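Please look over the sequence and the 3D structure shown here before reading the briefing that follows. The points are grouped by topic, so that each can be followed on the structure in turn.

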Amino acid sequence: MNMSVIAGARALSVSPHKPGSVNQLVCVERWNETSDVVSFRFQAGEPMKFDYKPGQFMTFVLEINGEQVCRSYTLSSSPSRPYSLMVTIKRVAGGLVSNYLIDNLLLGQSVRVLPPAGQFNLFDIARLSHKQPETEKLDANLLAITAQKYLFLSAGCGITPMYSMLRYLTDTQIDADIAFVHSARSENDIIFKSSLATMANRFNAFKLRYVLETVTETLGCSPKIAFDFGRLSAQMLKTLVPDFAERTIYLCGPEPYMQAVKILLVELNFDMSRLYHESFATAEKVARSQLMQANSSDGTSENLPEGAFTLSIGDRSTTLNQGQSLLEGIEAEGLPIIAACRSGVCGACKCQVLEGETVSTSVMTLTAAEIEAGFVLACSTTLASDVTLKL
């Protein structure tokens with residue numbers, strides 16, 4: 001494969017060509033967001049508009065040290081600015097792919113990617129909230145009325161899907177009522193700090209709040225931007241966003257942070273059916289399923305791996321490895337399902353097994369009659385055979 005590489009640059013190694021769903025993008029820009037976070041901007045070989053949903057992730061397919069690896073990164077760009085894609089990557093100790101991309105991906109070099117995926121996005125959440133079938137076109141006004149008051153909660157690199165959604169909302173809905181509370185180690189670790197400040201100062205209904213672990217003396221406060229210190233608590237949330245109970249909440253960040261936020265929301269008697277949640281761990285699992293489908297459709301995987309089974313939903317089917325949940329398969333196919341807690345507690349992801357055998361680690365909220373009828377919680381159920389499922 002030929003690559004366009006700037007003089008003196010080392011070529012980025014990518015996976016062998018695969019037709020179909022694996023596409024090639026060119027890096028056209030890169031810059032530092034913080035001391036350990038880098039953003040990359042990509043375009044196609046020829047000018048084109050990219051079609052995706054604000055909040056979705058994109059999976060890179062690379063070859064590192066002779067082995068194929070894939071890793072998912074949320075698109076920090078917005079489809080309201082459709083001629084390029086942006087991902088924002090943090091350097092982590094021992095991080096194979098993140099560090100590889102930061103150290104090796106330069107301007108003019110190409111990477112191979114799978115199409116954007118993931119249901120943690122404004123459009124699918126709007127559709128789920130209004131129980132609108134996936135086959136129906138999302139009405140242009142639906143998004144505006146679905147969550148008239150938004151609350152985005154994130155920590156660390158969990159800010160990336162929030163930034164995509166915020167950019168989309170501020171590009172398309174001048175009067176969107178937005179509160180954003182982001183947790184970071186220090187002021188210097190705030191990703192997109194300058195752009196977020198511009199959004200907050202430009203839009204009257206944008207309330208920007210930061211929770212920092214370290215106090216600094218250089219904080220530039222304004223009526224639209226507030227700071228608190230320590231770790232987000234129930235009392236802190238009530239202070240920073242007094243009307244939080246009236247808002248639809250979008251949550252993303254490291255797993256310990258997400259679990260802590262869910263606990264404090266329960267303490268505050270928040271309506272958990274209005275909490276929407278994503279995690280990097282879930283994205284990685286969906287990416288593996290997506291890559292397996294790409295390999296299978298390309299004829300590189302004639303037989304299912306040991307312990308893998310087929311999940312069929314309507315006219316769609318996907319392969320799940322041993323240990324992958326029904327929820328991962330459903331999300332890999334882009335099918336609508338509400339998954340709030342993702343831990344077998346809230347019951348939002350209830351679905352019905354029509355044929356086949358499954359194993360469940362939680363049946364909370366399910367009645368005896370529902371269990372008898374084959375209902376399971378998708379987040380807590382794995383396949384023990386090929387399964388046909390009804391959502």
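Predicted model: local features only at pLDDT ≥ 70, side-chain atom pairs only at ≥ 80, totals over all residues.

**The largest pocket**

At least two residues of the lining of the largest pocket are supplied by each of β4 (67-74), β5 (85-90), β8, α7 and α8 (280-297).

- Among the contributors to the lining of the largest pocket, α7 gives the largest share, which amounts to five residues.
- Sorted by class, the lining of the largest pocket consists of 17 nonpolar, eleven polar and nine charged residues.

*The sheet and the helices on it*

- In general, the strands of a sheet pair through backbone hydrogen bonds, and this pairing can be either parallel or antiparallel.
- Here six strands make an open sheet with parallel pairing, and their order across the sheet is β10-β9-β8-β7-β11-β12.
- At the edges of this sheet are β10 (225-229) and β12, each of which pairs on one side only, and from one strand to the next the twist averages 15°.
- Strand β9 (residues 206-212) pairs with β10 in the parallel sense over five bridges, and L212 has F229 in β10 as its bridge partner.
- Helix α5 packs on the sheet, where α5 touches β8, β9 and β10, and the direction of α5 makes about 145° with that of β9.
- Helix α7, which also contributes to the pocket lining, lies across β7 (149-155), β8, β11 (248-252) and β12, and runs at about 155° to β11.

*Two residues with a positive phi*

- As background, most residues other than glycine have a negative phi.
- F192 is not a glycine, yet this residue has a positive phi of about 65°, and F192 is found in the loop between β8 (177-184) and α5 (193-202).
- Is F192 buried or exposed? F192 counts as buried because its relative accessibility is 3%, and the cut-off for buried is under 20%.
- N269 likewise has a positive phi, of about 60°, although N269 is not a glycine, and N269 is placed in the loop between α7 (255-267) and β12 (275-278).
- Is N269 buried or exposed? With a relative accessible area of 71%, N269 is exposed, since the cut-off for exposed is over 50%.

Note on methods
Residues numbered from 1 in each chain as written. Heavy atoms only, no water. Helix = DSSP H or I, 4+ residues; strand = E, 2+ residues; numbered from the N terminus. Buried < 20%, exposed > 50% of the residue type's maximum accessible area, 1.4 Å probe, protein only. Nonpolar A, V, L, I, M, F, W, Y, C, P; charged D, E, K, R; others polar. Pairing = 2+ DSSP bridges. Axes fitted to C-alpha atoms, helices over the stretch in contact; angles between N-to-C directions. Contact = heavy atoms within 4.5 Å.
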